[in-house]
Amino acid sequence: MKKRTFIFISIVLCLSFSLSVFIACGSSSEYPDNFLVIDESKEYQSVTGFGASAAWWAQTVPQGSQSATSLATSLYTDEGIGLSIYRYNIGGGSWDYDAYNDHGAGDFVVFPEYRNTQSAFIAENYDESKSANENFANPANYDFSRDANALEFMKLCAAQEGSTVERIILFANSPHYLLTASGKTNGEEKYQSNLPEENYEAYCEYLIKYLDYVVNGLGLTVESVSAINEPQHAWGGDDSSQEGCHYEPEELAAFYDVFSRYLKEFNTANGTNVKMDVFESGNYDVYKSKGRVMEYIYAMSKYDYFEDIDTISVHSYGSPTSVEARESFVYMLNNLYGDKLSVEMSEICYMEAGLDEGMTSALWLSEVMNKDFCNLGAKSWSWWMATSCDDYNDGIVSWMWGSENGEVVPTKRYWVMGNYSKFVDTGDKRIEGYVANAEKGIFATVFKKADGRIIVVLTNTGEEKVAINLPEGYTSLSAWETSDNKDLEKVYDGICGKTYEAPAGSVTTLVLS
Amino acid sequence: MSRTPLPFFLVCVIILTYGRDNAVRGERKMKNVFEKPTLLQLLLGIAAGCFALVAFGLFFADAVGDKGGDGLPAFKIAFDVMIDGLHFNARAFIAYFIPLLCVAVVLPFKEKKVYYAAAFLLLAASVAIFLMREIYLSKYDAEIADMYRKGGVRLAVPAIIAGVFCLISSALSLLRGLAGVKFAVKKEQVVPGECTNENTVEERQ
């Protein structure tokens with residue numbers, strides 16, 4: 001009897017196991033291996049652009065130089081990769097006192113001016129007998145020629161023939177140093193809230209003066225002003241190597257309340273629709289103690305201005321390749337605020353020293369972009385600095401800062417970003433699309449253009465070429481490849497066959513119609 | 001129930017503790033604390049210890065999470081690096097440290113109370129692990145904690161498993177304590193005095 005029971009239990013277990021395996025295999029055998037699935041009926045977010053920041057380096061671009069032309073063409077025309085978002089940095093004035101000259105960065109620094117920023121505010125004019133607000137509200141205390149290189153370069157990019165600039169965002173990493181508690185553009189201590197409440201209005205005046213100059217002085221259309229950058233970070237202490245300002249959630253929310261009022265007044269006076277960009281969160285980590293992204297959003301939600309906010313800008317630094325971190329953030333955002341808030345990814349860079357001339361960081365970039373679009377639901381995607389000047393991978397092109405005729409050397413990151421930005425326009429929709437039963441390292445991001453063409457950015461991070469099975473229903477195919485030997489090069493234009501071979505370590509844009 | 005030989009680890013402990021020369025003396029001392037377990041006792045002890053060990057191992061897996069997929073491991077709740085430095089959450093640590101302590105139930109203690117105590121502690125640990133979301137949220141103000149609750153933070157699957165394993169381990173520890181206990185059976189007592197033996201009565205007569 002015991003033996004029979006044992007046999008019976010064994011058979012039941014074997015059958016259960018077989019059934020599980022059958023079900024598991026059955027669910028994935030709907031498609032052949034490496035099959036590109038495209039479902040045009042499932043539309044997600046509309047894309048609002050690709051960009052990069054002009055912080056630090058743009059102030060060294062000599063006006064009217066060959067460098068200026070080359071950089072503007074490479075970044076903001078279709079001759080280059082056609083970026084559409086220009087991020088101008090409103091400096092905190094660290095140039096005045098040379099705050100970041102070999103300060104905490106050691107051999108990393110090449111130029112004294114490496115991370116210092118110019119400010120249009122004339123510090124020498126600061127009148128101690130008056131309040132900070134009176135000083136910063138006084139137009140006579142501003143001289144925008146101090147940051148002329150950066151301002152003129154922005155104008156060049158936006159006004160050049162064939163410019164692809166659609167959105168200008170003015171962003172600040174720190175208030176002006178005369179407004180901070182530490183008297184510097186970073187905190188004396190780590191996590192020091194460096195903007196005293198009594199200077200909120202003065203800082204607003206400072207930002208509005210810049211906005212006014214760009215709009216009315218340069219005649220450019222500004223989409224938004226981002227007054228706060230990565231507020232949850234420490235931004236203080238001895239190892240500070242760049243401008244930054246820490247804010248507690250309540251402080252951030254209270255400051256935005258003041259700033260939203262200033263912005264409304266500006267818009268009313270100038271007939272503009274400049275928005276507040278909130279809040280360039282340093283990450284989207286819900287669970288990391290230092291993440292705190294949800295706390296900042298929650299603090300803002302208590303104010304009236306929150307009703308006007310429909311987008312949260314975040315940086316992908318915390319968990320750049322984590323699907324879970326992104327999806328938890330989106331899940332929590334939806335649980336708390338429904339579909340009110342969408343997301344823009346406004347900064348990331350490859351934080352590895354050295355100069356990656358190969359595809360390593362470019363493939364990483366493509367993975368981050370893929371996950372930001374697909375898992376975070378990002379509407380736009382921006383890289384940190386457009387150019388880097390030395391042995392670090394924070395730019396997408398290499399250029400000797402300050403040089404008149406310095407060669408603009410695109411990295412593979414530049415070309416891979418082009419795999420997206422040159423083909424996906426503002427208004428294009430991301431649609432359901434992925435590689436089913438994909439080999440490790442194969443993934444796709446799929447967009448649909450208004451004219452019906454499908455853009456597939458296909459990435460193969462593996463070391464072997466992989467034949468991708470293409471869906472039926474498309475007659476023509478063109479392909480642009482970035483790989484070790486190719487820089488966004490057109491490699492195919494013809495009939496859409498049944499398969500497309502993705503080379504090892506490559507990013508390829510397929511245009512299907 | 002057949003008797004098992006003295007477990008190998010017991011001999012090792014004696015030799016390591018007292019050295020080869022004093023092994024015999026040491027063994028005598030150890031015998032005051034340990035006993036030779038029956039096979040059932042041994043199996044129950046090992047099973048209880050294993051469940052407790054796995055529950056402790058889940059200290060390094062997510063304790064809280066959400067439907068989105070991300071989460072926070074229990075050890076990061078216990079040792080939380082916050083803005084003003086490292087914060088130690090004693091409740092989170094103790095909840096998972098108890099199962100590690102209770103792995104000792106694999107040892108064949110003579111004193112059964114050890115197993116009852118382990119069963120109680122494991123029960124308490126399981127309750128604490130099941131409350132790990134609240135333990136995690138206790139670092140926030142009530143308002144922020146409520147925001148996270150509404151946001152969807154919940155107990156993660158590994159924590160649920162850890163809690164269940166603690167419960168199982170608790171039950172097994174209890175059984176381990178009860179295994180081999182000879183319960184006294186109440187017998188009907190014969191009232192002395194009046195003799196009911198007819199023969200004796202007859203003899204008296």
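**Exercise 1.** How many helices and strands are there in chain A? Describe the overall build of the chain.

*Solution.* The model is predicted.
- Step 1. Chain A has 10 helices and 21 strands.
- Step 2. Along the principal axes, the C-alpha atoms of chain A fill a box of roughly 100 × 60 × 50 Å.
- Step 3. Buried residues make up 51% of the 513 in chain A.

**Exercise 2.** State how chain A is divided into domains, and describe the contact between them.

*Solution.* 
- Step 1. Domain 1 of chain A covers 31–44 + 431–512, and domain 2 covers 49–426.
- Step 2. Taken over C-alpha atoms, the centres of domain 1 and domain 2 of chain A are 33 Å apart.
- Step 3. Domain 1 of chain A brings 19 residues to the contact and domain 2 of chain A brings 21.
- Step 4. On the domain 1 side, at least two residues each come from strand 15 (442–448), strand 16 (454–460), strand 18 (476–482) and strand 21 (506–512) of chain A.
- Step 5. That side of domain 1 of chain A has nine nonpolar, seven polar and three charged residues.

**Exercise 3.** Which helix of chain A gives the most residues to the side that touches chain B?

*Solution.* 
- Step 1. The contact joins 18 residues of chain A with 16 residues of chain B.
- Step 2. Helix 7 (293–300) and helix 8 (323–337) of chain A each supply at least two residues of the chain A side.
- Step 3. Helix 8 of chain A gives the most, with 10 residues.
- Step 4. The chain A side divides into 11 nonpolar, three polar and four charged residues.

Note on methods
Residues numbered from 1 in each chain as written. Chains lettered and ligands numbered in written order. Predicted model: local features only at pLDDT ≥ 70, side-chain atom pairs only at ≥ 80, totals over all residues. Helix = DSSP H or I, 4+ residues; strand = E, 2+ residues; numbered from the N terminus. Buried ≥ 20, exposed ≤ 12 C-beta atoms within 10 Å, placed from the backbone. Contact = placed C-beta atoms within 7 Å. Nonpolar A, V, L, I, M, F, W, Y, C, P; charged D, E, K, R; others polar. Domains from an automatic or database assignment.
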